[in-house]
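Here is a short tour to read alongside the model. Take a moment to look it over, and then we can walk through a few of its features together.

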Amino acid sequence: MVVGAIIALALGIGVGLSGLKVQGVEFLVKNADYVLYLLMFLVGISVGLNRGIFKQMRGYGVRLAYITLGIVLGSILGGLLTGLVTGLSPREGAAIASGLGWYSLSGVMLTEMAGAQVGSVAFLSNLMREIFSFFAIPWIARHLNYESCIAPAGATSEDTTLPMMIRYTDERTVVLSVLNGILCSALVPVLIRFCYQAL
C-alpha cells in the first residue's frame, strides 16, 4: 500500500509537470469535497461492520481514552514544534500533524484549505509517519512496552500497521490498537479543521 501510494504520487507529479490533460482530473479537483465525503462514508462502513467494537470500547474505557488523547496531544505539539523549525505557521504545523498518519485524507483536506503546497507536505509527512511506524513498532515493543507501540501508528493502528501490532505485541494491545485507530480516524477531520481554523 505504501509503495502504491508513492508510485501514485510520483505519477501524479509527472503528469502535472508534463502539462498533459487527463480526463476526469479536473472533475476530481473541483469535487474534492465529495471524494472526501465518500472516503469518510467508507470508513464509517468499516467501523459499522465490526459489530462488537462499541462493547470493547466500553470495556477498555479510560485506558483507551488516555492512549488516544496522548497520541493526539503529542502529535499536535510535535507539529507545532516542527512548524517552528521548518518555517510553517503554527496552524499549518498543527493541522498537518493532526492527520495522525492518515495521509490521503489530510492531503485532500489541507489542499482544499491551505493550498497544494501545504496539502503535499501533509500527504508526505503523514505517509512518512506510517512508513516509520513499521520500523519503530518492533523496537518500541522490545525496549519500551506494548501499549507505546500504538503511538507512532496513530490512525493507521487499525489497518495498515495492524499486522505489525499483531506480530510484535499481545492480543490485548491489538484490541486497543484497533479501537485507537477507529477513534483517531474519526477525530482526524475534526482536528485538522480545528487546528487550521482556530490556531
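Is V22 buried, exposed or partly exposed? V22 is partly exposed, because its relative accessible area is 43%, which falls between the 20% limit for buried and the 50% limit for exposed. Please keep in mind throughout that this is a predicted model.

V22 sits in the loop between α1 (2-18) and α2 (25-30). Together with V15, L20 and V25, V22 forms a nonpolar patch on the surface, and the accessible area of these residues together is about 320 Å².

**The overall fold**

Stepping back, the chain contains 10 helices and 0 strands. Along the sequence the pattern reads α-α-α-α-α-α-α-α-α-α. Of the 199 residues in the chain, 41% are buried.

**Around helix α6**

The phi of L100 is positive, near 50 degrees, although L100 is not a glycine. For context, most residues other than glycine have a negative phi. L100 also counts as buried, because its relative accessibility is 0%.

Helix α6 itself covers residues 103-114, which is 12 residues. From first C-alpha to last, α6 reaches 15 Å, close to the 16 Å expected at 1.5 Å a residue. Its buried residues are Y103, L105, S106, G107, M109 and L110. After α6 comes G115, with a positive phi near 105 degrees.

**An aromatic pair and a charge over a ring**

The count of aromatic pairs is 1. The partners are Y103 and F123, and the pair is edge-to-face because the ring planes stand at 80 degrees, with the ring centres 5.3 Å apart. Y103 lies in α6 and F123 in α7 (residues 116-143), so the pair ties together parts that are 20 residues apart in sequence.

Elsewhere, R91 lies over the face of Y196, at 4.2 Å from the ring centre.

To finish, here are the relative accessibilities of the residues discussed above.

| Residue | Relative accessibility | Class |
|---|---|---|
| V22 | 43% | partly exposed |
| L100 | 0% | buried |

Notes
Residues are numbered from 1 along each chain as its sequence is written. This is a predicted model: local features need pLDDT of at least 70, side-chain atom pairs count only at pLDDT 80 or more; totals for chains, interfaces and linings use all residues. Side-chain values use heavy atoms; hydrogens and water are left out. Helices (H or I, at least four residues) and strands (E, at least two) are DSSP runs, numbered from the N terminus. The expected span of a helix is 1.5 Å times one less than its number of residues. Buried means under 20% relative accessible area, exposed over 50%, partly exposed in between (1.4 Å probe, protein chains only). Patches are made of residues with over 30% relative accessible area and no salt bridge: like charges are joined within 9 Å, nonpolar side chains (Val, Leu, Ile, Met, Phe, Trp, Tyr) within 5 Å. Accessible areas come from the Shrake-Rupley method with a 1.4 Å probe; for residues, only the protein chains shown count as cover. A salt bridge is a side-chain nitrogen of Lys or Arg within 4 Å of a carboxyl oxygen of Asp or Glu. Rings of Phe, Tyr and Trp (its six-membered ring) pair if their centres lie within 6.5 Å; planes under 30 degrees apart count as stacked, over 60 as edge-to-face and the rest as tilted. A charge sits over a ring if NZ of Lys or CZ of Arg is within 6 Å of the ring centre and within 35 degrees of the ring normal.
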